[in-house]
Amino acid sequence: MKFFVNSGCIGCGLCAGACPEVFEMTDEGLAKAIEDEVDGALLESALDAQSGCPVSAIEAQ
Ligand code: SF4
């Protein structure tokens, strides 16, 4: 599964705190997801971060 942060991100930092292996904050103060495929133990953590986003700005495919 791959993750994307859409333009709805408000830069709260929750996703990067919950799953720093997949999400990081950019210099612009918004979140960005790694481009790699996410699977295994990391997937659960990334999905938790996705569901924790207060504005549902994290998309996955
Ligand atoms: S949790 Fe959502 S709003 Fe907060 S930084 Fe991550 S993508 Fe942006």
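**Cavity, ligand and rings**

Trainee: How many cavities of 30 Å³ or more does the structure hold?
Mentor: The structure holds 1. A cavity here is a set of points, on a 1 Å grid over the protein atoms alone, where a 1.4 Å probe fits but cannot get out. This is a predicted model, where local features need pLDDT of at least 70, side-chain atom pairs count only at pLDDT 80 or more, and totals for chains, interfaces and linings use all residues. Residues are numbered from 1 along each chain as its sequence is written, and side-chain values use heavy atoms, with hydrogens and water left out.

Trainee: And how much space lies in the largest cavity?
Mentor: About 80 Å³, a volume being the space filled by probe spheres set on the points. It is lined by 14 residues (an atom within 4 Å of a point), and C9, C12, C15, A31 and C53 are the closest to its centre.

Trainee: Where does the ligand sit?
Mentor: In the largest cavity, as judged by more than half of its atoms lying within 2 Å of the grid points. Around the ligand are 14 residues (a heavy atom within 4 Å), with C9, C12, G13, C15 and C53 the closest.

Trainee: What classes are in that shell around the ligand?
Mentor: It has 12 nonpolar residues, 2 polar and no charged; Cys counts as nonpolar and Gly as polar.

Trainee: Switching topic: how many aromatic pairs are there?
Mentor: There is 1, counting ring centres within 6.5 Å. The centres of the F3 and F23 rings are 5.9 Å apart with planes at 75°, so the pair is edge-to-face (over 60 degrees).

Key
On a 1 Å grid over the protein atoms alone, a cavity is a set of points where a 1.4 Å probe fits but cannot get out, and a pocket is an open set with protein on both sides within 12 Å along at least five of seven lines; lining residues have an atom within 4 Å of a point. Rings of Phe, Tyr and Trp (its six-membered ring) pair if their centres lie within 6.5 Å; planes under 30 degrees apart count as stacked, over 60 as edge-to-face and the rest as tilted.
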